[in-house]
Every structure is written in structure tokens, then in C-alpha cells.
Amino acid sequence: MLPVSPPPPSAASRFLSPPPALSLCRLSPPSKTATSTTAASTAPTPLTSLEFRRYDFAPLLEFLSSSSSSSSASAASAVPTADAAPPPAQLDPAELRLAESYRAVPAHLWHALLKSLASSPSTLPSAAALVPWLERHRLCFSSDLLYSILIHALGRSRRLHHALLLSTSAPGPPSALTFNALISASAINGRPGQALHLLSLMRRHGFLSDHPNYTLVLQSLLRSPDPPDPFLLTRLHSDLLSQRLELDARLISDFVVAFSRAGEPDHALSLLAAAQAQGLTPKTSTVVALLSALGAAGRVAEAEALFLEFHAAAELQPRTRAYNALLKGYVKIGALKDAELVFEEMERCSVSPDEGTYSLLIDAYTNAGRWESARILIKEMEMNGVQPNSYVFSRILASFRDKGEWQKSFAVLREMRNNGVRPDRHFYNVMIDGFGKYNCLHHAMDAFERMRSDGIEPDAITWNTLIDSHCKAGRHDKAMELFQEMQESGCMPCTTTYNIVINSLGQQERWEELKEMLERMKAQGLLLNVVTYTTLVDVYGKSGRFKDAIECLEAMKAGGLKPSPTMYHALVNAYAQRGLSEQAINAFRVMRADGIKPSIIVLNSLINAFGEDQRDTEAFSVLQFMKENDLKPDVVTYTTLMKTLIRVEKFEKVMTPVLLFLFDKQMYLFCSFAVAFPNLSI
DNA sequence: GTAGGGTTAG
């Protein structure tokens, strides 16, 4: 009979070198993101505890690590496959004996062991192998719990892809625990869209969502360096309200900040009003976020009103940050005089300007072309004990870049050196980008070399900028060399890097290599984002591979990502360029069904679709549509209409779009001039 | 607080 109690350390295990997994059997770090409703947040049993020491898990760990590495496929992905395990009847008797020896281990110890194994990437394959093993031998019955622990661990170690795979390979329909674990994994991996998708899926399965899930998604939106997606945010908010869950002060405040950052100050304002109606006092940082959003939208009057309201109620001690938010508004709308007034007001109230204040004002001067005033302000800044740094100069450089004045880069660099400021990585990155954007690859490479000789290690952004500059200039060969060099230097390519390279390969129609790149991306554990999918739709569409393009769009939606306007623009444009006007209009309809408002860009493409298809009447009806929907036709609209007329050989009407354009611009004088001299029309 | 990737005509 096999021993039921745990075995003493066997002779075999004494001879074996201790499996590496053992040394990793430590208490897993407490999860900051686990919600109260998830299994992973239950108090772990320390593996060093007395209870744990009653059992010797070494033989099992040895067995698991060897079995998980022998089936290389599942070990590499750390995902157990349900059909990989043979039924117990065919099992090796040694394994059966091993299983029997653990009969007495209580469930919570299995959970603790699993958590511990799952907390380290090196033992994750063993963790993944443990779950089906426990099921196979009926040693631990709470299969849901086991899977959710694994999913949590995969999510925490940035393997969302694997977590999703695992959840689909788990037996039976997903449980509430699985959903919670997946939502958490998506949220902490920066995929709030997917988390939201799972939230609604969860409800469709009849499970109720709770507060922590919403907090997780919201925090995921707030944590991202990019502004939160307003669409997702609105959905999250209405979803929460439809669940009749009450918002507390913290959640309201987070929503106000999120809506502000998403560039939706109206939504933020109404939430703030609701909070005030409940007698809640918003935090200073919340008000500042909203002020900043209003400023960024150029809504200075409202920003000022909000500023004064909170100032008067003494709820907001206007300090530098609040003034900066206000200042941002004036800088945004180019109201230099008002910006200067805010600056003076700060001085009057003895609120000391910080680097941000100076930066904004310097930005304003640079944008207005007042480089001298900017220089004076830099001096003043120094005198006031605020050391000008590379940041200020980066902003100046960016401002010149955006105005196309890349030649001024050298003057900025000189000025910077005169002020004793050393350019940092950020500054060099902007500089390289500036040169790259204007096709000055030599200068870009020079700046890159200079950066390295200054002892600054290029980062992923540097490499991406440089690689993309070469792609844009058609130097795809050099771009690939740089991509290689990037990796050799030890800099890991990120999603953006792959997006750039995929775009390059797609433009060259090197489809096999493109597919390889996607595989490499996945192998590296990187997820495809909206830009990746849009790039794919664009390159496939442009070369007429519409089937592939549509597949990408579907794959993206299935992954819980919201299709962007750009993605539909790319698709409509692809059809348009080939004169497939029916398909173009169909894609346009799908776009609208997805809740995306038509923009000038997509309507111009639609005109182009009709034009290429010689349907000039329909092309002009798009113009009518624009006018009815308050969309202002632009130069592209009119030139595309002219091209349409040329295509259908209605040369006598080619001038019509020009007249319409001039009329739009209210240039009556020129209109009459053109009408008076119709000979000019050809 | 800053920087990099995807869309329209000629």
C-alpha cells in the first residue's frame, strides 16, 4: 500500500540536486492590484510555515519541472493544454505513487504553492503544469480558484496573452473568479478596453461586477502615460451607473481626473457638480486637473471662472500648479498678453513661478517667434534661482521643429551650452526627430553619434525615431540595419518599434517577413495595439489585400480593442484608391455603425472613391453631406473634386470647386474675378 | 509636465 502521509525525503531526492524551484518557494509578494473578490488576494500561507514544512514538495517540483520542460511547447508558453495529459490509467506507476503521497495536503497549501510558483517567471511553467496535474489526480478540487491564481500570476508578470489563452483552455464555462482574474490582468497590463469588454461579457454570463473591477479599469486608464480614451471612459461610467453601484468620493474624483485627462472637460464638470451637490469637496489636485483640461482646450473663460470659484471658497489655495493650468490655457490660444498678466498676478500674490511656469511662457514666446524674449526669460529664470534645464530647451526645440525651422536646432544647442546646460537624452531625441522629419538624415545620424559620444545611451525612443526617419525617407535597408543594431546594443524593441518595422515591410510588400515580425512580437510577449492593427489594415489595403485587411479589423475587435477612426480611414482610403466605391461606402457605413463620427479625412476619401469610379454626382453629394453636417471642406476636398471632374472629362466644370472653395473662404472679390474671366478655367 | 509609431489629393 502506498503511504498516505507525506513521504520522508526519499533516497532519490537526496541524490538529486535540489530543484531550482525550491529556492523560489518563498512568500509571494502581496499583490497590490488583486481585488477583494479574487482568489489571489486571500491571505497566503507562508511557505516557510510549520504546516508547509510537514510536506516535502521537492519530488513533486522535480517531477513538474522535468515534465514541463519535456513537453517543450507548453513549457515555452507556460500554458497547460487540456488535452496534453493522458488519462490516469496510462500513467506511469511512479507518478501515481507520487500523487498518492500528497493525498493529505490541504487545499490552501496547494493554493499557496501555486501562488509561489506562479510568482516567478522561472517557475511559472511548473505552476502551469501543477494545475492539470492536481486535476488529473483529483488532489485539489477548486479548479476555478487554481485557474484564477494562475491567470493573476500571468497578468502580473506581463503575460496577458498567456493568461487569455489559459482561460480558454480551462475546462467548463468561465467562472466569476476567472472573469475577475482576467479583468485584473487586462487592467494591469494596460488593456482597459479589453477589461471593459470582459466586464460586459461577465454580465452576459450572469455574473455581477463589483466596485473593485471598476476601480481597476479606471486606474488602468489613469496609469497610462497616454490620455485615457474618452469612449472607454464614458462606457465605463455608464456601465457603472447601470449596475446601480454608488460612486464614492474617491471614484468620483478619479473620474473627474480621467475625464479631464481624456480632454472631456464637460463630462468632468458635470461630475464635479454632482459631487458638490452631494456635499463633497473635491481635492485640489482634482480641480487642478480640470483646470488643466479647460486650459488645454483653450476654454480660458471657464478655467478662470473655476479658478476664481475655488479660490473664493478657499477650497483651492492657488499655488503654482493652479496658476500654471490657467497659464496653459492662454498659451494654448496664443493670448500672450493674458499669459503675461497671469505671470504678473503670480508675482503680486507671491506665488513663486516654477520651471513649469517659465516653460509655458517660454513656449508662448517661441511660438510667437519672440526668441529674444524667450532668451531674456531664461536669464530671469536663472536669476530667480530656477535653473533652466534641458526640458526648457527641448520645448523650444520642439516648437521650432513643429514650425519647420529645423535649422534653428544648432542655435538652440549653442544657447543651451552658453547657459551651461547639458543636453539630455530627451533633448537629443527631439533633435533627431526634428532632423528626421525634414529628411536631414545626415544631421540626424550626427546628432545620434554626438549623443553617444556625450555618454548618453540611446533608448527605444531614440532608435524608433531614427528607424522611422529612415523608413520615411525610403531608406528601408538602412532602417533594418538600425533595427538590428538596436537589438545588438541590448535595447529591446517595443510595440512601437515593431509598428514602424511592420509598416516598412508592408510598404515593400514583404509579407513573409512581416508575418515573422508579428511572430517575434508575440514571442517577446508584446501585444498588438490599435496602431499595429491600423498599420496592417493600411498596408494590406493599399496593396489590395482586402481579405487580410478585414481579418485584422475583426481580430482587433475580438481582442477588445476599439477600432479607431484612423483604422476606418485607412480602409476606406484603400478602397477609394482602387475606385471600389461600393466597398468604400460599405466600410464607411460599418464605421458609423461602430459609433465613429465622419471626419473630413474619411469624407475626402469617399469623394476620391466616387471620383476614381467616375461617379461625379455622388462625389458632389458628399460635399453636400459635409455642409449639412457642419464639416468644413478643405483644400483636399476641392482638389479631389477637381480630379473627379477631370476623370469624367467635364473640363468646363473644373473651375467649379475652385469657385466653391473661394466662396467658402468668403473671397467674393476673387470669385467675381474668376467669373469675369472664365478663360482662366483651363 | 517633455520625446517615438497608424489616415486623405497632387
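Two residues are taken to be in contact if their C-beta atoms, placed from the backbone, lie within 7 Å. In this predicted model, residues 24 or more positions apart account for 66% of the contacts in chain A with a separation of 6 or more.

**View 1. Overall content of chain A.** The predicted model gives chain A 39 helices and 0 strands. Of the 682 residues in chain A, buried residues make up 42%.

**View 2. Helix H27 and the helices around it.** Helix H27 runs over residues 460-472, and its 13 residues should span 18 Å at 1.5 Å a residue, which agrees with the 18 Å that separates its end C-alpha atoms. Because 10 of the 13 residues of H27 are buried, this helix is largely enclosed by the rest of the structure. The buried residues are Thr462, Trp463, Asn464, Thr465, Leu466, Ile467, Asp468, Ser469, His470 and Cys471, and they pack against helix H25 (425-437), helix H26 (441-453), helix H28 (476-488) and helix H29 (495-507). Just after H27, glycine 474 takes a positive phi of about 80°.

**View 3. Helices H19 and H21.** Two packed helices are described by the angle between their axes and the distance between the axes. Helix H19 (residues 320-332) packs with helix H21 (residues 355-367) at an angle of about 10°, and their axes are 9 Å apart. Since angles under 35 degrees count as roughly parallel, H19 is roughly parallel to H21. On the H19 side the contact is formed by Thr320, Tyr323, Asn324, Leu327, Lys328 and Val331, which meet Gly356, Thr357, Leu360, Asp363 and Ala364 in H21. By class, this contact of H19 with H21 has 5 nonpolar, 4 polar and 2 charged residues.

**View 4. The surface near DNA strand B.** Around DNA strand B there are 49 residues, of which Gly356, Thr496, Thr534, His569 and Asn604 come nearest. Helix H33 (residues 565-577) supplies the largest share of this surface, with 7 residues. The residues of the surface near DNA strand B divide into 16 nonpolar, 26 polar and 7 charged. Gly356, one of the residues that come nearest to DNA strand B, is also one of the H21 residues that meet H19.

**View 5. Valine 537 and its surroundings.** Valine 537 has its place in helix H31 (residues 530-542). When residues up to four places away in sequence are not counted, valine 537 touches Ala549, Cys552, Leu553, Met567, Ala570 and Leu571. Valine 537 and glutamate 551 are 14 residues apart in sequence, and their C-alpha atoms are 8.6 Å apart in space.

**View 6. Two loop residues with a positive phi.** Asparagine 439 lies in the loop between H25 and H26, and although it is not a glycine, asparagine 439 has a positive phi of about 65°. Asparagine 439 counts as partly exposed, with 14 C-beta neighbours inside 10 Å. Aspartate 630, in the loop between helix H36 (616-628) and helix H37 (635-647), is likewise not a glycine and has a positive phi of about 60°. Aspartate 630 has 6 other C-beta atoms within 10 Å and is therefore exposed, the limit for that class being 12 or fewer.

How values were computed:
Residues are numbered from 1 along each chain as its sequence is written. Chains are lettered from A and ligands numbered from 1 in the order in which they are written. This is a predicted model: local features need pLDDT of at least 70, side-chain atom pairs count only at pLDDT 80 or more; totals for chains, interfaces and linings use all residues. Helices (H or I, at least four residues) and strands (E, at least two) are DSSP runs, numbered from the N terminus. The expected span of a helix is 1.5 Å times one less than its number of residues. A residue is buried if 20 or more other C-beta atoms lie within 10 Å of its own, exposed if 12 or fewer, and partly exposed in between; C-beta atoms are placed from the backbone. A residue is near a molecule or strand if its C-beta atom, placed from the backbone, lies within 6 Å of it. Ala, Val, Leu, Ile, Met, Phe, Trp, Tyr, Cys and Pro count as nonpolar, Asp, Glu, Lys and Arg as charged, and the others, Gly among them, as polar. Axes are lines fitted to C-alpha atoms, for helices over the stretch in contact, and angles run from 0 to 180 degrees between N-to-C directions. Angles under 35 degrees count as roughly parallel, over 145 as roughly antiparallel, 65 to 115 as roughly perpendicular and the rest as oblique.
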